Every structure is written in C-alpha cells, then in structure tokens.
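Here's a walk through one protein model, from the overall fold down to single side chains. Have the viewer open as you read.

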Amino acid sequence: MTRLDPRSPMVLDTKLVGRRPGTMHELTRDVGAPSDFGTDVMRVEEGESLHLELRLESVVEGVLVTGSVRGTATGACVRCLDPVTEEVDGFFQELFVHADRHDHHREVGDDDADQEHLIEDGYLDLETVLRDTVVPSLPFQPVCRPDCPGLCSECGMPLAEDPEHQHDLIDPRWAALSALADEPPTPTEKRT
C-alpha cells in the first residue's frame, strides 16, 4: 500500500478537526485535475483548475467531508466534432473512516467495509471522491448545440455550413439500369 503524499493538494490533514466529534473546519482550495479525469468524449484536462469548497466535520467513525467542486470540461461534439465546453458543478458528501473503526467494521462482518474511504496516517485523499462526483455528471454525448446537423456521411462536410448540401447517389444495384437510360433509343421494327 502506498502512503498518501501530504503535499498533494487533494490530500487533507484531518488534524484540522481532530477526533473530537462535532469539531468542524471549512476551507476553499483550487487544485489541478488529475490525469484521465473524464470520458473519451468529455474531460477536465489534466492540470485544469478545480475549485473546491469543503467542510470537514469530526464524527465518531471518522471525518465527514461535504463539499462542492467547480471546473470546466472540454471535448468534441459527437455530431460535427466542433469543440464543446461544459461547466462542471458537483456536490458530494463522503465519510472517511478512521483505521480502527474500519477494522471494527470488518470484524463484525459489515459488507460495506471494503467500500469505505479510509483516513491513512491522519490524511484523507479526495481524488476518488472528486472523480466519482465529476465524471458521471459529464454528458455522454456532448453536442455543440441541440440542433447540430452533424457532418455529411459521404464527404464529411459540416452540414451547418450548407443546409442544402446533398449528393446524388445511385444504389449500385440499379447502376446498370441508369446506364441504359443514357443510351439513345433504338428504332423499333414493324412487322407486316
């Protein structure tokens, strides 16, 4: 198991609230987004600023962290590939459990013990909580505008530039018949 780096802006020192239930501390922090903070089509770029407003409360089990995260995600329109920008504004509340309480939960057979966020050596790491808050809120299919017509399926031209754009395509199964239409008519013979 790796130790948390107290110099990381996403790592908080729980000494701010101690272990006395009811103690509270509020703070504001700007942090850079970690790598892979998004999906294939929409993401907060690595190092992009995320604004955090946090409240830490000491409770019997550990530290309850309540907060909000704001930032800007970028991506590409799924219809025309133009750049898309989306404001991120998420809210979270998560309990970080002291190691001794976590051990107790495991001893009594609490099925949720493996899902708990832990306080390690007096520090807690917000990265997983922020990722779980931001990534699901990003649009799955971002568009530059609701009525984006997309790209021409034949040539890739943006249809917004020329709404009348079209191609005269002939079904290859009928192509031989269109060649017959281009031939001059043959004289018809009369029988007597």
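The protein chain has three helices and nine strands, where helices (H or I, at least four residues) and strands (E, at least two) are DSSP runs numbered from the N terminus. Going along the sequence, the order is β-β-β-β-β-β-β-α-β-β-α-α. This is a predicted model, so local features need pLDDT of at least 70 and side-chain atom pairs count only at pLDDT 80 or more, while totals for chains, interfaces and linings use all residues. Residues are numbered from 1 along each chain as its sequence is written, and side-chain values use heavy atoms, with hydrogens and water left out.

pLDDT is the predictor's confidence in each residue, on a scale from 0 to 100. For the protein chain the mean is 84, and 83% of residues reach 70 or more. Where pLDDT is low, the predicted coordinates should not be read in detail.

**The chain as a whole**

Of the 192 residues in the protein chain, 29% are buried; that word means under 20% relative accessible area, with exposed over 50% and partly exposed in between (1.4 Å probe, protein chains only). The accessible surface comes to about 13,000 Å², and carbon and sulfur atoms account for 48% of that. Areas here come from the Shrake-Rupley method with a 1.4 Å probe, and for residues only the protein chains shown count as cover. A contact means heavy atoms within 4.5 Å. Take the contacts between residues at least 6 apart in sequence: 57% of them join residues at least 24 apart.

Two strands count as paired if DSSP finds at least two bridges between them. Strand β6 (residues 62-76) and strand β7 (residues 83-97) run antiparallel and are joined by 15 bridges.

Serine 68 lies in strand β6 and is buried, with a relative accessible area of 15%. Setting aside residues up to four places away in sequence, serine 68 touches His51, Leu52, Glu53, Gly90, Phe91 and Phe92.

**Cysteine 77**

Is cysteine 77 buried or exposed? Cysteine 77 has a relative accessible area of 1%, so it counts as buried. The residue is found in the loop between β6 and β7. Its C-alpha atom is separated by 4.3 Å from that of valine 143, which is 66 residues apart along the chain. Not counting residues up to four places away, cysteine 77 touches Asp82, Val84, Pro142, Val143, Cys144 and Cys148.

**Salt bridges**

Side chains of opposite charge can pair when their charged atoms come close. A salt bridge is a side-chain nitrogen of Lys or Arg within 4 Å of a carboxyl oxygen of Asp or Glu. By that rule there are six, and the table has three of these pairs.

| Pair | N to O distance |
|---|---|
| Lysine 15 and aspartate 13 | 4.0 Å |
| Glutamate 53 and arginine 70 | 3.6 Å |
| Aspartate 147 and arginine 145 | 2.8 Å |

Glutamate 53 forms its salt bridge with arginine 70. Glutamate 53 lies in strand β5 and arginine 70 in strand β6, so this pair ties together parts that are 17 residues apart in sequence. Glutamate 53 is partly exposed at 36% relative accessible area, and arginine 70 is partly exposed at 35%.

In another pair, lysine 15 is exposed at 61%, whereas aspartate 13 is partly exposed at 24%. Then there's aspartate 147, exposed at 55%, with arginine 145 partly exposed at 36%.

**A nonpolar patch**

Which residues form a nonpolar patch on the surface? Ile170, Trp174 and Leu177 do, with about 350 Å² of accessible area together. Patches are made of residues with over 30% relative accessible area and no salt bridge; like charges are joined within 9 Å, and nonpolar side chains (Val, Leu, Ile, Met, Phe, Trp, Tyr) within 5 Å. Tryptophan 174 is found in the loop between α2 (127-134) and α3 (175-182), and is exposed, with a relative accessible area of 53%.
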